[in-house]
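Biologist: Before we talk about any labels, could you put the model on the screen, so that we can go through the terms one by one?

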Amino acid sequence: MNHSSFTDLGVSAPIVTALQSAGITAPFPIQIDTLPDTLAGRDVLGRGRTGSGKTLAFSIPLVQRLAGGKRRPHRPRALVLSPTRELATQISAALTPLAEAVGLRVTTVFGGVSQNRQ
């Protein structure tokens with residue numbers, strides 16, 4: 001099978017549209033290698049340099065698998081852990097437009113700052 005596009009890999013139309021709005025029109029190698037498995041609910045372990053597409057490789061299936069699911073007030077449906085505030089902010093920036101495309105919200109919380117200010 002040819003995996004030249006996100007659609008070919010099984011990414012839903014609203015997420016593909018959000019990616020295109022951000023100027024992302026073709027998957028990176030790590031996304032090509034992992035999306036078929038992660039979209040099917042299988043665990044993967046991927047490694048790559050900065051800028052290799054790792055964040056979207058886990059964000060796309062996270063959002064797609066949560067889309068349309070049952071929500072419960074004050075109960076997060078996913079948790080992404082990050083070792084630094086800077087990375088948490090970058091992950092949130094990548095994840096938010098995808099989440100919004102399917103009616104989900106993203107909240108970033110990190111230590112050292114009052115929860116009320118966040």
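Modeller: Pro14, Ile15, Ala18 and Leu19 in α1 meet Pro97, Leu98 and Ala101 in α4, where contact means heavy atoms within 4.5 Å, and helices are DSSP runs (H or I, at least four residues) numbered from the N terminus. The residues of this contact divide into seven nonpolar, no polar and no charged, with Ala, Val, Leu, Ile, Met, Phe, Trp, Tyr, Cys and Pro counting as nonpolar, Asp, Glu, Lys and Arg as charged, and the others, Gly among them, as polar. This is a predicted model, in which local features need pLDDT of at least 70 and side-chain atom pairs count only at pLDDT 80 or more, while totals for chains, interfaces and linings use all residues. Residues are numbered from 1 along each chain as its sequence is written, and side-chain values use heavy atoms, with hydrogens and water left out.

Biologist: What makes α1 oblique to α4?

Modeller: Helix α1 (residues 13-21) and helix α4 (residues 85-101) pack at an angle of about 140 degrees, with their axes 8 Å apart; axes are lines fitted to C-alpha atoms, for helices over the stretch in contact, and angles run from 0 to 180 degrees between N-to-C directions. Angles under 35 degrees count as roughly parallel, over 145 as roughly antiparallel, 65 to 115 as roughly perpendicular and the rest as oblique, and therefore α1 is oblique to α4.

Biologist: Why does Ala18 count as buried?

Modeller: Buried means under 20% relative accessible area, exposed over 50%, and partly exposed in between (1.4 Å probe, protein chains only), so Ala18, at 12% relative accessibility, counts as buried. Ala18 is found in helix α1 and touches Pro97, Leu98 and Ala101, not counting residues up to four places away in sequence.

Biologist: What makes the meeting of the Asp37 and Arg42 side chains a salt bridge?

Modeller: A salt bridge is a side-chain nitrogen of Lys or Arg within 4 Å of a carboxyl oxygen of Asp or Glu, and for Asp37 and Arg42 the N to O value is 3.0 Å. By this rule the count comes to one salt bridge. Asp37, at 28% relative accessibility, counts as partly exposed, and Arg42, at 48%, counts as partly exposed too.

Biologist: How do you know that His74 is exposed?

Modeller: His74 has a relative accessible area of 82%, which means that His74 is exposed. His74 is found in the loop between α3 (54-66) and α4, and its phi is near 60 degrees, a positive value in a residue other than glycine. Most residues other than glycine have a negative phi.

How values were computed. Helices (H or I, at least four residues) and strands (E, at least two) are DSSP runs, numbered from the N terminus.
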